[in-house]
Amino acid sequence: WVKVRNIFIIFLVSGFWHGANWTFIAWGFINACYYLPLMLLKQNRKNIDTIAVNRVLPGYKEFFQIGFTFFLTTIAWIFFRAQSIQEAFSYLNRMFSKSLLEFPDIDSKKMILLIIIFVIIEWLQRDKLHPLMLDPEIFRKPIRWSIYFTILLSIFFLGNFSSNYEFIYFQF
């Protein structure tokens, strides 16, 4: 019980560290709930290796695990970004309404293409420390810098800098 208590304290304090709002506390609580079963079953260090080694695609089980982890993380981040607990639950209600089965209204097909390209790069570089750690033997310096420059241009031209979104840590 001491470990369980300590895990909750750590995650709740990390939530509180991000801001004095119940949404951050909820975010910490949710992450503690995600972590506890793994710790109690001694599985928290089991899945730290690269997925689908020497394969192009993951297996069905791995694909499900990736998707489920993304889903759980996304749910927690809703609480992190919401202004209130009520807003977070309202967002979740809207998210799991009939609109879940509708195709989103997306303005830019270029944005979808870039997301697909970035996901592919991320997947192909999954065994690296980060996705832009390009092997100098395969990607010579001009090619690497062209890729970096393309990413920066994509962010600059496709990013929505005209809105009032600011980096989350600027509020501290």
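Predicted model: local features only at pLDDT ≥ 70, side-chain atom pairs only at ≥ 80, totals over all residues.

Visitor: Okay, at what angle do α1 and α2 cross?
Guide: Helix α1, residues 2-18, and α2 cross at roughly 150°, and their axes come within 8 Å. Angles over 145 degrees count as roughly antiparallel, so α1 is roughly antiparallel to α2. Their crossing is right-handed.

Visitor: Which residues make the contact?
Guide: From α1 they include Ile7, Phe8, Phe11 and Leu12, and from α2 they include Phe24, Trp27, Leu36 and Met39. By class, the contact of α1 with α2 has 16 nonpolar, five polar and one charged residues.

Visitor: And how do α3 and α4 pack?
Guide: Helix α3 (residues 60-81) and helix α4 (residues 85-95) pack at about 140°, with axes 8 Å apart. That angle makes α3 oblique to α4. Here too you'll find a right-handed crossing, as α3 passes α4.

Visitor: What does each helix bring to that contact?
Guide: On the α3 side there are Ile75, Ile78 and Phe79, while α4 brings Ile85, Ala88, Phe89, Tyr91, Leu92 and Met95. The residues of this α3 and α4 contact are nine nonpolar, no polar and no charged.

Visitor: Switching topic: how many residues are in the largest nonpolar core?
Guide: Twelve residues in all, among them Phe24, Trp27, Ile30, Phe80 and Ala82. Each of α2 (22-40), α3 and α4 supplies at least two residues of this core.

Visitor: Which helix gives the most?
Guide: That would be α3, with five residues in this core.

Visitor: Last topic: where does arginine 144 lie?
Guide: Arginine 144 lies in helix α6, residues 141-158.

Visitor: Buried or exposed?
Guide: Buried: the relative accessibility of arginine 144 is 17%, and the cut-off for buried is under 20%.

Visitor: What is arginine 144 in contact with?
Guide: Leaving aside neighbours within four places in sequence, arginine 144 is in contact with Leu134, Pro136 and Phe139.

Terms used
Residues numbered from 1 in each chain as written. Heavy atoms only, no water. Axes fitted to C-alpha atoms, helices over the stretch in contact; angles between N-to-C directions. Helix = DSSP H or I, 4+ residues; strand = E, 2+ residues; numbered from the N terminus. Parallel < 35°, antiparallel > 145°, perpendicular 65-115°, else oblique. Left-handed = near helix turned anticlockwise from the far one by under 90°. Contact = heavy atoms within 4.5 Å. Nonpolar A, V, L, I, M, F, W, Y, C, P; charged D, E, K, R; others polar. Core = buried A, V, L, I, M, F, W, Y, C linked by side-chain atoms within 4.5 Å. Buried < 20%, exposed > 50% of the residue type's maximum accessible area, 1.4 Å probe, protein only.
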